[in-house]
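Let's take a walk through this structure together, going from a couple of single residues out to the whole chain. Keep the viewer open as you read.

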Amino acid sequence: MGFRTGFVIASISFVYGVLFIASRVDFPLLFQGRATPEAVERAQEFYLSIYQAPITVTAAFHAIAGLGLLGILTKMHRWTENDQYFGLGSVVLYVGAVVMYLCITLPNLRALAYPNDPYYIIRGVYEASPNRLQEGNQAMPLIPREQNSLVQVMAATNVINAALLAGVLLFQGGEWYAIRKDRQMEEQVRLQQAAQLKDQRGDKKEN
């Protein structure tokens, strides 16, 4: 396993650690049928604590997450047959997870942090209330029902991202296995050629 593959696996493992911590508040909302007001409130407090963390924490998270994509891209400069399949598949899934984070998770975090700011509210992804859908009410503050929807959408996005990153790991494992088998076959061919060459030299000496 190469150094760049280690970048990818380490980056995804770090992100999985964050998603595992988030699953403590996500799973009760999605899979355990416990979307109670208390569970939603705990989820809101958790996500707000992440959003309001020091800038060094968020910068470190983004940098480590970016290392994974950088590792995949640097591996593809060789453009071998394995890169055409495993590399491109990994890039598509990884970019999909990044897009989900940028287009859903971040806007929802900002809307949750600034529930009275129309600039962030209209950019969130959630189930809007009937009052908001009426003309002229788009800039109204978030109501509890919409805040609950914001949190549930983020929880679902985390699950989807976990599945996408699992696909990246599968592609990376498949690439490693394919390269390993190719090297084994090349070694077998080399040994067979060496044995044939040795036999030919032996025949010449006998003649």
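Start with A139. Setting aside the neighbours within four places in sequence, A139 is in contact with P118 and R132. Keep in mind that what you're looking at is a predicted model. A139 sits in the loop between α6 (130–133) and α7. For a sense of distance, pick S90, which is 49 residues away along the chain: the C-alpha atoms of A139 and S90 are 39 Å apart.

Now step into the helix that follows that loop. N148 belongs to α7, which runs over residues 144–206. At 28% relative accessibility, N148 is partly exposed too. Once its neighbours within four places in sequence are left out, N148 is in contact with V40 and Q44.

Next, have a look at α3, residues 55–75. Its 21 residues reach 30 Å from the first C-alpha to the last, close to the 30 Å expected at 1.5 Å a residue. Which residues of α3 are buried? They are F61, A65, G68, G71, I72 and K75. An α-helix has 3.6 residues a turn, so residues three or four places apart point the same way.

Zooming out, the protein chain has seven helices and zero strands, giving the pattern α-α-α-α-α-α-α along the sequence. Its radius of gyration is 25 Å, well over the 17 Å that the globule rule gives for 207 residues, so the chain is more spread out than a compact globule. The C-alpha atoms fill a box of roughly 100 × 35 × 30 Å along the principal axes. Among contacts with a separation of 6 or more, 68% link residues 24 or more positions apart.

Finally, the surface. Buried residues make up 31% of the 207 in the chain. The accessible surface is about 12800 Å², and 62% of that belongs to carbon and sulfur atoms. As for charge, there are 18 positive and 17 negative side chains, and the centres of the two sets lie 8 Å apart.

Technical notes
Residues numbered from 1 in each chain as written. Predicted model: local features only at pLDDT ≥ 70, side-chain atom pairs only at ≥ 80, totals over all residues. Heavy atoms only, no water. Helix = DSSP H or I, 4+ residues; strand = E, 2+ residues; numbered from the N terminus. Expected span 1.5 Å × (residues − 1). Buried < 20%, exposed > 50% of the residue type's maximum accessible area, 1.4 Å probe, protein only. Rg over C-alpha atoms; globule rule 2.2 N^0.38 Å. Contact = heavy atoms within 4.5 Å. Areas by Shrake-Rupley, 256 points an atom, 1.4 Å probe, with all protein chains shown as cover. Lys, Arg positive; Asp, Glu negative; His and termini not counted. Charge placed at Lys NZ, Arg CZ, Asp CG, Glu CD.
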